[in-house]
Amino acid sequence: MAGSCFCSARRVLRAMCVPFVVALWLSSLFSCIREPELHLYNAGNVTIELPMVDLELEAYWNYEMSYGVHYDWRAEWFYGWDETDSLIFGPIGYEEPNVFNLRRYLLGNRKGVPHTRVASDLVRGKTFRGDYDFGFWDILVWNDIKTIDGVQSLNFDETTSLDSVTAYTNMTMRSARYQAPRYTRSFYEPEALFSAYETDIEINRNLDGFIYDPERNVYVKKLDMQLEPVTYIYLTQVILHNNRNRVIGVDGAADLSGLSRTVNLNTGIAGLTPITVYYNVRMKKECVKNGEKVDIVGGKMLTFGICGQNGNRINDASEVKDGSQHYLDVTLQFNNGTDSTFVFDVTDQVRQRYKGGVLTVELDMDKVPIPNRKGGSAFDAVVKDFEDGGTYEFPM
């Protein structure tokens with residue numbers, strides 16, 4: 001928008017929260033008569049349909065703040081989102097996937113038994129038809145990953161155990177201090193990832209639990225299966241007050257520490273090992289916050305979330321059990337050719353936004369000394385909010 005860096009950010013979150021449909025297709029010999037016992041073989045031909053709905057960020061980030069006030073991320077997001085941001089970071093929300101990985105596990109005649117074999121399929125579009133032996137099945141679905149440049153950060157471990165699939169990313173060459181000595185470098189952020197898992201699905205000869213669809217001449221069984229995000233979006237912004245061209249840019253990189261290295265696609269629970277996640281940022285000048293012109297360093301980061309948690313199953317921040325600290329690192333470049341890395345403790349904000357949201361820190365540049373050498377000292381910036389807008393303390 002002209003004269004302002006705030007935009008309406010209309011991109012929507014594509015969270016899949018509707019039931020799948022399983023349909024057992026019968027032989028044309030049956031017509032509309034339910035007589036499966038006369039003609040069924042040892043397996044049935046089953047179609048899985050994957051319908052999608054749009055879910056906006058407002059609906060997914062459905063935090064309720066104090067006194068019944070609902071969270072409005074747009075009201076605190078001053079960085080905005082323009083065409084350049086979309087080119088660098090992608091859309092501000094999630095995009096609806098249309099290619100899926102499907103894993104089908106036959107349990108036999110008993111529920112809840114360990115997986116001993118798996119059928120793997122790639123689903124293009126929203127339907128899949130395949131043969132299913134009669135008995136009980138577990139089904140796992142996650143979206144296939146496609147990137148603009150063909151380089152994918154996500155990896156999937158399907159061999160350690162047939163009972164679960166684990167997603168993870170690898171380390172970058174960028175140094176990170178917080179998880180040393182185990183990890184001395186940051187990790188790549190994952191691409192947007194959704195998964196759904198349903199257990200003990202019965203495909204039986206008597207079609208118990210199926211309903212008849214006369215338009216398609218099939219019997220249909222609805223499953224309580226939901227595709228949900230297992231990677232969470234954080235929008236970060238460092239707001240510079242009274243900058244007056246002291247900070248002229250950034251090196252384009254930022255880190256957020258204390259987040260999980262992995263996620264279990266079957267349970268949606270993030271792993272217990274904390275890492276530092278690397279992502280990109282850029283600086284915009286003369287943005288507007290509450291009538292004041294400010295410079296803002298902003299970006300979008302995807303993560304598996306807080307260790308040991310499934311953000312989709314948490315109802316309140318008090319339920320977050322992980323004790324990791326979360327630090328946001330941003331390197332600012334000054335007009336004298338020097339730079340300095342600023343470290344912000346955003347632990348409370350991350351715990352309050354346990355499934356993503358806006359993380360904001362603010363600096364009054366009148367109170368920040370300009371470094372006099374390159375690679376200058378790192379400032380630990382503790383931001384304390386109060387009624388007049390905030391004071392900023394820098395323990396040296």
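**Hairpin, sheet, cores and lysines**

Modeller: Gly-337 takes a positive phi near 85° in the hairpin of S21 and S22, which has 4 residues between the strands. This is a predicted model: local features need pLDDT of at least 70, side-chain atom pairs count only at pLDDT 80 or more, and totals for chains, interfaces and linings use all residues. Residues are numbered from 1 along each chain as its sequence is written, and side-chain values use heavy atoms, with hydrogens and water left out.

Biologist: How many bridges do S21 and S22 pair over?

Modeller: They pair over 7 bridges, in the antiparallel sense. Strands are DSSP runs (E, at least two residues), numbered from the N terminus. Two strands pair if DSSP finds at least two bridges between them.

Biologist: Which residue stands opposite Asp-329?

Modeller: Val-343 in S22.

Biologist: Why is S22 largely enclosed?

Modeller: Because 5 of its 7 residues are buried; the strand covers residues 339–345. Buried means under 20% relative accessible area, exposed over 50%, partly exposed in between (1.4 Å probe, protein chains only).

Biologist: Switching topic. What is the strand order in the open sheet?

Modeller: S4-S3-S6-S11-S14, 5 strands with antiparallel pairing. The edge strands are S4 (119–124) and S14 (228–229), each pairing on one side only. S3 (residues 99–108) and S4 pair over 6 bridges. Arg-103 stands opposite Ser-120 in S4.

Biologist: And the largest nonpolar core, which residues touch the most other members?

Modeller: Trp-61, Trp-73, Val-238, Leu-328 and Leu-332, out of 75 residues. Strand S15 (residues 232–241) gives the most to this core, with 7 residues. Another core, of 12 residues, lies apart from it; Tyr-105, Leu-140, Leu-193 and Val-263 are among them. A nonpolar core here is a set of buried Ala, Val, Leu, Ile, Met, Phe, Trp, Tyr and Cys residues joined through side-chain atoms within 4.5 Å.

Biologist: Now the lysines. Is Lys-289 buried or exposed?

Modeller: Buried, because its relative accessibility is 13%. Lys-289 is found in strand S19 (residues 282–289).

Biologist: What does its side chain make a polar contact with?

Modeller: The side chain of Glu-362, at 2.8 Å. A polar contact is a pair of N or O atoms within 3.5 Å; within protein, one must be able to donate a hydrogen and the other to accept it, and residues adjacent in sequence count only if both atoms are side-chain atoms. Not counting residues up to four places away in sequence, Lys-289 touches Phe-78, Ile-239, Val-294 and Glu-362, where contact means heavy atoms within 4.5 Å.

Biologist: Where does Lys-321 lie?

Modeller: In the loop between strand S20 (292–303) and strand S21 (327–334). Lys-321 is exposed, with a relative accessible area of 67%.
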